[in-house]
Amino acid sequence: MRLLFIGPPGAGKGTQADQVADRLGVPHISTGEMFRDHVARGTDLGKQVESIMAAGDYVPDEVTVALLEDRIRQQDAANGYILDGFPRTEAQVESLDRLIGVDGLDKVVVLDVDEDELTERMMARGRADDTEETIRNRFQVYQGQTQPLLDIYDSRGLTAKVNGLGEIEEVTERIIRALR
C-alpha cells in the first residue's frame, strides 16, 4: 500500500505512521526525518538544506522530490510506503503526481483532531514554543495550506478521515479499519 498521512502539527502523524508501517511491513518515509538525517551525517544534501531549515524556510520542492524519488526506489519501499510531511502544498501534489502518477497513492489518511483538544495536548508537552497562541496559529496555517490538498484527494476518492484523538493503539486500530 502506498499511503499519505495528513494532519495538523501535534496530531500524531509520525507516531501513527510508525505504528501502521510496522503493521503493514512498509517503510514510514518522513521528508523531515530524511533531511535531519542528511544534516546529521554531513552529506552534501545535508549541508545544502541545513541553512534553509535553520532559517525556518521550506526546502525547495525540487530538492525534496529528488530525495523522495531516491527513497521510494529503495528495495524496502517496493511493496509500498507511508509518506509523512510531503506533499504540503498544491505544487507539491503536482510534483508527487509526476513522480508516482496521479493514481500512485492508495489512500490518504487524514488525522482529524479538534483544535481545542489538540491545543490542550500540545500545551501539556511543556515545550517552550508551544504557547496557546503559537499552537492555534500553526493549526490555522495547517488548515489554510492543507484544505486545497484535501479537496484534490477528496475529488480522487482517496481520503479516509480518522479520529486522531485517543490512546495510540485506539487510533492505530481506527486507521487499520479505514484502510480495509
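A salt bridge here is a side-chain nitrogen of Lys or Arg within 4 Å of a carboxyl oxygen of Asp or Glu. With that in hand, take a look at E115, D116, E132 and R136: these four are linked in a network of salt bridges. Keep in mind that this is a predicted model.

**Charged pairs**

Searching the whole structure turns up 12 salt bridges. Three of them are set out below.

| Salt bridge | Closest N and O atoms |
|---|---|
| R36 with E33 | 2.9 Å |
| E69 with R73 | 2.9 Å |
| E115 with R136 | 3.2 Å |

Start with the pair R36 and E33. Both sit in helix α2 (residues 31-41), and because they are three residues apart there, about one helical turn separates them.

On to E69 and R73. Here E69 is partly exposed, with a relative accessible area of 31%, while R73 counts as exposed at 57% relative accessibility. The cut-off at work is that exposed means over 50%, so R73 gets that label.

The salt bridge between E115 and R136 belongs to another kind of story. This pair links distant parts of the chain, with E115 in helix α6 (residues 115-124) and R136 in helix α7 (residues 132-155), 21 residues apart. R136 is partly exposed, its relative accessible area being 25%.

**The nonpolar interior**

Now for the inside. In soluble globular proteins, nonpolar side chains tend to be buried together. In this model, the largest nonpolar core has 29 residues, and those with the most contacts inside it are L68, L83, L96, L105, V108 and Y153. Which elements give two or more residues to this core? They are the strands β1 (2-6), β3 (81-84) and β4 (107-112), along with the helices α2, α3 (44-54), α4 (61-72), α5 (90-100) and α7. Of these, α4 gives the most, with five residues.

Leaving aside residues up to four places away in sequence, V108 touches L4, I6, Y153, L158, T159 and A160.

There's also a second, separate core, this one of 21 residues, and among its members are A11, L111, L118 and I135.

How values were computed
Residues are numbered from 1 along each chain as its sequence is written. This is a predicted model: local features need pLDDT of at least 70, side-chain atom pairs count only at pLDDT 80 or more; totals for chains, interfaces and linings use all residues. Side-chain values use heavy atoms; hydrogens and water are left out. Helices (H or I, at least four residues) and strands (E, at least two) are DSSP runs, numbered from the N terminus. Buried means under 20% relative accessible area, exposed over 50%, partly exposed in between (1.4 Å probe, protein chains only). A nonpolar core is a set of buried Ala, Val, Leu, Ile, Met, Phe, Trp, Tyr and Cys residues joined through side-chain atoms within 4.5 Å. Contact means heavy atoms within 4.5 Å.
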